[in-house]
Amino acid sequence: MSDVYVHIGPPKTGSSSIQFFLDDNQAALEQHGICFPIFERRWKRISPRRNGHIIVAGWKTPQGTPPLDEPRECYREGLDLIAQAAQGHDAVILSDESFWECGHRNPKFWPQFKQDLADRGLNLRLICYLRRQDLWIQSYYKEKVKTRTSLPFSDYLVECEQRRFFTDYGAYLDMLNGTFERDDVFVRIMESGQFAGAEQTIQSDFLDILGLSLSDGFKVKSEVRNQALSGTALEISRLLNGLDEGKVSGKTTRKAVKELQASKPPEEKVTLFASFQAQKDYLDSYAASNEHVARAYLAREDGVLFHEPITELPPQHIDEHDLLDDSVKVLGRSIQLLEEENSQLKKELEELKGAAPAKRKKK
C-alpha cells in the first residue's frame, strides 16, 4: 500500500518554501520512489505547486464558501489522479495550506478523504507545521491586508477569535484523533532551532519525515519571496481595502504598493500588538493548548512547545508625514501604470486596425 503524505499547512508556516522545494526536486524524489505530481487543472490565483487544491476545491462552493456537505466532481477526479500518480511509487506528496481550514469546516472531510484513498489502496498521512501564535497572527494579518481586510490589527485580533481553529493547535489535532493513528500525523515546529536535519532548515526537516536528507541528491534551488508589507505600505494597503469593500484596491494599486515596499530600506523590527504585555497575554491564552500538544503529540515531558523567547519589540508607529508622502507616491505610480497600460492597448488597437481589411464603400 502506497502512502499519500498530505502537507496541510496551516497558512504562513513555510508552505510556499516546501512547495517550491518539492517541485524543484521532482527528479530526486522519483529516485527515492516518491511522486510530487503537478496536475493540469488550474484555479485563479492558486499556484500549480499547491497540487492538493484539486481535493480542497471539491469541498468548496464555486464562490469558495461556505463549504459543501458533499464534494464536487473535481474531488473524485483528484482521487483518481492521485491513484494514478501512486502507481509505481512508494509515496505521493500533496500540499495545500487550505487543507487545514477545509478539514475544520467540513466534519466529513478527513474521514471521507481517508476512506476514499483506502478504497484505492492508499494510506493517508498528514504533515503539519506549527508556528508560535503571536508570530503567526501578525504574519497572517499582513497577508490578508495585501488583498482583503481593512481592519486595524487590534480589531482583526477580535475577529480572529471566530477562527481560533487556525491557532488552537491542541483542539485541531485532537479533532483528528478519531480518524488517524498518532503515527500517521507528523507534527513539526516552525522554529529554526527545532528543524531536523544537518542543515536545520524547513527543507531538511520535511525530508526527515520521509526518512531522507538533503545529501540524498536534493538541492534548495528557488529563492521564495513572499514579501510582507510593513510600515506605510501596510497602512496604505489597509486603507485602500476599505474603499468599496476592497474593489478599488485592484492589481494596479497593489503593484504600486508592492513597489513602494521594495524601495524601502529594511525597517526596524516592530510588533503589531499594542504592547509587549498584550503580545504575551495573547500567547498565554494558548498556553494550555500548546502544553497539551508538546506532551501528547511530541512526548515532551516539560510541556514546552516553542523554545524561542518572546522578543520585546516597540509597537508599530506610522509617521503621518511619511504616510502622506508615500500615499502620494502610490497614487502617482498607479496613474503611471494605468497610462502605460492604456498606451500599450492603444498601440495594439492601432495595429489591429491596420491589419483589418478595408471596407468597400457602397456606390
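I began with C160, which is buried at a relative accessible area of 11%, where buried stands for under 20% relative accessible area, exposed for over 50% and partly exposed for what lies in between, with a 1.4 Å probe and protein chains only. The model I am reading is a predicted one, in which local features need pLDDT of at least 70 and side-chain atom pairs count only at pLDDT 80 or more, while totals for chains, interfaces and linings use all residues. Residues are numbered from 1 along each chain as its sequence is written, and side-chain values use heavy atoms, with hydrogens and water left out.

I then searched the whole structure for disulfides and found zero, a disulfide being a pair of cysteine sulfur atoms within 2.5 Å. For C74, which is in no disulfide, the nearest cysteine sulfur is that of C102, 10 Å away. C160 is likewise in no disulfide, and the nearest cysteine sulfur to C160, again that of C102, is 19 Å away. I also looked up the cover of C74, which is buried with a relative accessible area of 6%.

Next I turned to strand β3, residues 91–95; helices (H or I, at least four residues) and strands (E, at least two) are DSSP runs, numbered from the N terminus. Five of the five residues of β3 are buried, so the strand is largely enclosed by the rest of the structure. Checking each face, I noted A91, I93 and S95 on one side and V92 and L94 on the other, all of them buried.

Which strands pair with β3? Strand β1, residues 2–7, does so in the parallel sense over five bridges, and strand β2, residues 34–35, does so in the parallel sense over two bridges; two strands pair if DSSP finds at least two bridges between them.

Last, I took down values for the protein chain as a whole. It holds 15 helices and five strands, and its C-alpha trace spans about 85 × 60 × 45 Å along the principal axes. Of its 363 residues, 46% count as buried. Among contacts (heavy atoms within 4.5 Å) with a separation of 6 or more, 75% are between residues 24 or more positions apart.
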